Every structure is written in structure tokens, then in C-alpha cells.
Amino acid sequence: MMKSVEDILNALDGPQDVASLSRILDESAARLGFQHYAYATLRMPQGLERPFVITNYPEGQTEELDAIIREQIQSFREIGKRVGLVEG
């Protein structure tokens, strides 16, 4: 069981698959007192073609979250273009 924020951050550095990451996020959110969470990739790890989201929000409650994530991805791409990290 994770006992501190440092433990949580260390745990997030190690998962090798989505199932492991989901488990760590579930445990971390509970430990911090959150009922729900959303984790979105904005920088693409090697092997991923597009951003993805891991969340435990109920199915009907993700519409606003989806819009926020799309906006953040677009903002990240625009900044990346300006500083030469993203082509286009």
C-alpha cells in the first residue's frame, strides 16, 4: 500500500502496461481521497500512435472531460509547433 505522495509518484514511474497503470491510478486516487480520476497522455510514449485516456468516471460523465482533454492536446500541439517539438 502506498503511504505518501512520494510513494505514488515512484509507483507511477514503473508500470509497463495500461492495466498496471490503471491499478496504480485507482490506488493513488483512493489514497488521496478522490472518488474519480482521469489520466491523459499528451506526449506520446514510444509505440503509441495517438493520445489515450484512463479514467474511472462513469460512462455518462465523460463528455465534458473529453472536451477538456481535446482542448489540452490541441494546445500542447500548438506549443510544440512553436518550439520545434512537433512537426506541422
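Predicted model: local features only at pLDDT ≥ 70, side-chain atom pairs only at ≥ 80, totals over all residues.
Biologist: Why are helix 1 and helix 2 called roughly antiparallel?

Modeller: Helix 1, residues 5-12, packs against helix 2, residues 18-32, at an angle of about 170°. Angles over 145 degrees count as roughly antiparallel, so helix 1 is roughly antiparallel to helix 2. Their axes lie 10 Å apart.

Biologist: Which residues make the contact between these helices?

Modeller: Helix 1 contributes Val-5, Ile-8, Ala-11 and Leu-12. From helix 2 come Leu-21, Ile-24, Leu-25, Ser-28, Arg-31 and Leu-32.

Biologist: What classes of residue does the contact of helix 1 with helix 2 have?

Modeller: Eight residues of the contact are nonpolar, one is polar and one is charged. Arg counts as charged, so Arg-31 of helix 2 is the charged one.

Biologist: What makes the nonpolar surface patch?

Modeller: Val-5, Leu-9, Leu-12, Leu-32 and Phe-34 form this patch of about 480 Å². Helix 1 supplies the largest share, three residues, and Val-5 lies in that helix.

Biologist: How do you know that Glu-27 and Arg-23 meet in a salt bridge?

Modeller: The N to O value for their side chains is 3.4 Å. A salt bridge requires a side-chain nitrogen of Lys or Arg within 4 Å of a carboxyl oxygen of Asp or Glu, and therefore the pair qualifies. The structure holds one salt bridge.

Biologist: Why are Glu-27 and Arg-23 separated by about one helical turn?

Modeller: They are separated in this way because they stand four residues apart in helix 2.

Definitions and conventions:
Residues numbered from 1 in each chain as written. Heavy atoms only, no water. Axes fitted to C-alpha atoms, helices over the stretch in contact; angles between N-to-C directions. Helix = DSSP H or I, 4+ residues; strand = E, 2+ residues; numbered from the N terminus. Parallel < 35°, antiparallel > 145°, perpendicular 65-115°, else oblique. Contact = heavy atoms within 4.5 Å. Patch = residues over 30% accessible without salt bridge, like charges linked within 9 Å, V, L, I, M, F, W, Y side chains within 5 Å. Areas by Shrake-Rupley, 256 points an atom, 1.4 Å probe, with all protein chains shown as cover.
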